[in-house]
Amino acid sequence: MSELEFASKDFKSDQYVRWCPGCGDHALLNSLHKAMAELGIAPHNIAVISGIGCSSRLPYYMNTYGFHTIHGRAAAIATGVKVANPELSVWQISGDGDALAIGGNHFIHVLRRNVNINIVLLNNQIYGLTKGQYSPTSPRGFVSKSSPYGTIEDPFRPVELTFGARGHFFGRCVDVDGAASVEVLVASAKHKGTSVVEVLQNCVIFNDGSQSTVATKADRAKNAIYLKQGQPMIFGENNEYGLMQEGFGIKIVKIGENGITEKDLLVHDAHCEDSTLQMKLALMEGPDFPIALGVIRDVESPSYDECVHAQIEEVRAKKKDHSLEDLLMQGEIWEVK
Amino acid sequence: MNKVMADEMKVKDLERVVVRFSGDSGDGMQLAGNIFSNLSAVLGNDISTFPDYPAEIRAPQGTLSGVSGFQVHIGAKKVFTSGDKCDVLVAMNPAALKTNIQFTTPQSVIIIDSDSFTKKDLEKALYTTNDPFTELNIHNQVIDAPISSMCKDSLKESGLDNKAALRSKNMFALGLVCWLFNRPLEHAMHMLQNKFSKKPSIAEANIKVLTDGYNYGHNTHATVSTYRVESKEQREKGFYTDVNGNLATSYGLVAAAEKAGLPLFLGSYPITPATDILHNLSKLKELGVITVQCEDEISGCCSAIGASFAGCLAATSTSGPGICLKSEAINLAVIAELPLVIINVQRGGPSTGLPTKSEQTDLLQAVYGRNGESPLVVIAATSPTNCFDSAFMAAKIALEHMTPVILLTDGYIANGSAAWKIPSMKDYPAIKPPYVTPEMQEGWKPYQRDLESLVRYWAIPGKEGFQHRLGGLEKDYDTSAISTDAENHQKMTITRQEKINYIANCIPEQEVLGDKDAELLIVGWGGTYGHLYSALEVMQAQGKKVALAHFQYISPLPKNTTEILKKYKKVVVAEQNMGQFATILRSKVPGLNVYQFNRVKGQPFNVLRLVEEFTKILEEK
């Protein structure tokens, strides 16, 4: 399978893409097509499952198998698909409302079980399809049609839910940042177990500018840090800043000042079982800290779907009855002659 | 129906006998009842059982709410119900006596554990005097055996402490009942050895107490008649086992998966009284069955839909409240036209209702309870053993017609058991899902249909050249793309309905039992078959002209339904709800005028009461 070569276009369907012009979903769709081409998995071995919401229209734009399901339930349906056929590459496309509000229960349980699916969480902090209500990731005080005086509730931070549910993979990218998005998506697909990629996505109509601090390459150089496995944590327009551990926290240092060199900086380890530092990095936010992008956590662990089938094989090897009739004849029976 | 038991010193032959074991929910009455029914079946009797247990796992000991019962009807010939009233009542404490006296007749023999009738026990069961028999106006023959103390004596040398020894007192009662009915103990011993194979000392203790209970009957109660229910009807040759409805349902799904050559997937969330289906299928890993215990009912249904999309025979099992939660997902399977079996083991509602009691109150929910025009198939199993065939047919129809099928069973048949001839799978029809074929590939669309059956073709992910997108949005009839076109929606709505209607061509015509020139047609559906059939038998024996049409297929109805219902002068629809099937029939058969008999008590129908009501209708001018 991996020997086959595919191009982005092999994953594009013939359907007209109906998202608003300028919507971050367009960019992510392109990145997904590219990531799949890079992975080299044939379109017929891929199933893309979505719930309801703007981003959940995505399966229609894929030339793979796809299922646009019902609100919040993509994770549950994707679980069934993957357990039924672990050979398939299964992707879940969800928005912040779909995955974290109406689908919150399935989101945490798919992570807890560690089903080998790739969740692409398009987080635009707004309900777009219902025309502009606050979402479970909208910041406190956010003014929307359903919160004219500002919200009086705190948002979820997807990474906290992911780690709280014992997630083993968390990555983050910005919708318009194609190359970095492809990289994270590819890594998420290669990870065995549930992976969550949070896509910081702009809604041009109802929440324009929500990602403005990381919207351009220049913005990201200033306000974001790309975490790379085994690399020291450096960021800034001229790579002049770094991250160091300080007590229980993280601090920003200027390289060269006070005798600090690259060797003093934190080195990223996404494979570290203990998620404490990964969590700290993922929770960094402006204006004081850069936003962490890239693969933040990537830890190996048995996947649910492989365990389901391993257990079946184990029992099959031990027991001889492989048909219902055999099984019944081995039970408590009596004969009428 | 049951022969009067006279107070004579001899062995009497009976056609049929009903025994009811009752006690505290921790007293092991279900096990005693199960063993008794099983060994009777092995001896060639027909059996029908009814476990009647409380919702609480362990209500306070000795209280009225903690009483658990198990009724078994054994017959020399075929029996169809678990019996209206019992011939023998075992009451392990005063609470059991009080709550179960309603199931006795003046001729019933009552066995009590006299050790558990102390003042304190009577108070717990809210008696106001020290004489429960006078208080309850009981004049029956009573065997008051000191069961607890004899059980302790029996195990004095076993090394078990008193508390552990008393766990075997159900076996003493069982031994006594076995003596009363001339049942040899060998098979019971065998069952106990199997059940406690990992704890041989417990098996031994139980067998010892069982034997002592039998001997106690033999030695001290020679003045009570003992009874013999011999097998009188030559049963069909073959191997038999005993199954309850939930087990038969589980096996039916497995059988269908084998026939179709597909893996079986069950997505489920525990709920009374359906949980045993999840238990049963979780055990069958050697048959390749995949079960996922989901985080909620919704996920149970959704994971099954995902598995169906990916090419499994997929099912989800639940009871009424779970169906409410699954409704949106079921509708997804309706519009995506994916095969799915939804099992609803009905219980008392609304809301949490009566979780451990049985009703038929989810019929309209099954047929109509979803948003939009949402036709699907509804099948109702008629008896514990019929659950096997019904589950098999539900799966066959789902797979061959690419539709969700709701299988309605109920708490009564799900937990009730009967002797079942192990079927030979070669006697069952093939299951042939409408897979896409290579020659279809050019220009294939996912909602392309067979023009006669209107069934769409199934392309399973992993198959090259058939990638497609399904979804909950309306699709264009021709292109399968999303469509909001007015004419198209009308056409798709009609198409989905016609697809279900067509299935009437693939199910058997409705059978009518009884007199051809009946003056009254009894109509029922689902789990009340045994009671309605027994009522028919009684009325026929009285020379009355009656017939019974008992429906298994509800949506679509069998093709000859209108013809049958129009043929008889009087029709009575008897069901355990307030008239849901009658409502459906009235809407499907214009001008239909039916009588109704409705009971929503959470208990099975009472045959004699049915006979009384039907006779009244028959005689009405």
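Two strands pair if DSSP finds at least two bridges between them, and strands (E, at least two residues) and helices (H or I, at least four) are themselves DSSP runs, numbered from the N terminus. What you have open is a predicted model, in which local features need pLDDT of at least 70 and side-chain atom pairs count only at pLDDT 80 or more, while totals for chains, interfaces and linings use all residues. Residues are numbered from 1 along each chain as its sequence is written, and chains are lettered from A, with ligands numbered from 1, in the order in which they are written.

Begin with chain B and select residues 570-575, strand β22, together with residues 595-598, strand β23; the two pair in the parallel sense over four bridges. Within this pair, Glu575(B) stands opposite Asn598(B) in β23(B).

Next, select residues 86-91 of chain B, strand β5. All six of the six residues of β5(B) are buried, so the strand is largely enclosed by the rest of the structure; a residue is called buried if 20 or more other C-beta atoms, placed from the backbone, lie within 10 Å of its own, exposed if 12 or fewer, and partly exposed in between. Strand β2(B), residues 16-24, pairs with β5(B) in the parallel sense over four bridges, and Ser22(B) stands opposite Ala91(B) in β5(B). Strand β6(B), residues 104-113, also runs parallel to β5(B) and is joined to it by five bridges, with Val88(B) opposite Val109(B). From β5(B) the chain crosses through helix α2(B), residues 94-100, to β6(B), in a right-handed β-α-β crossover.

Now colour chain B by its domains: the assignment, which is automatic or comes from a database, gives domain 1 (11-228), domain 2 (241-427) and domain 3 (513-619). The C-alpha centres of domain 1 and domain 3 of chain B lie 36 Å apart, and the contact takes six residues from domain 1 and eight residues from domain 3, where contact requires C-beta atoms, placed from the backbone, within 7 Å.

Then select residues 297-309 of chain B, helix α12, which has 13 residues and reaches 19 Å from its first C-alpha to its last, close to the 18 Å expected at 1.5 Å a residue, the expected span being 1.5 Å times one less than the number of residues. Helix α12(B) is mostly covered, with 13 of its 13 residues buried, and it is followed by Gly311(B), whose phi is positive, near 105 degrees.

Move to helix α11(B), residues 275-283, whose buried residues are Asp276(B), Ile277(B), Leu278(B), Asn280(B) and Leu281(B). What covers these buried residues includes α10 (245-260), β10 (264-268) and β11 (290-293) of chain B.

Finally, show both chains: 51 residues of chain A are in contact with 53 residues of chain B. Helix α2(A), residues 74-84, gives the largest share of the side of chain A that touches chain B, eight residues. To end the tour, select β14(A), residues 334-336, and strand β9(B), residues 238-244, which run antiparallel and are joined by three bridges; here Glu335(A) stands opposite Phe239(B) in β9(B).

How values were computed: A crossover is right-handed if, with the strands pointing away from the viewer, the path from the first strand over the helix to the second runs clockwise. Two residues are in contact if their C-beta atoms, placed from the backbone, lie within 7 Å.
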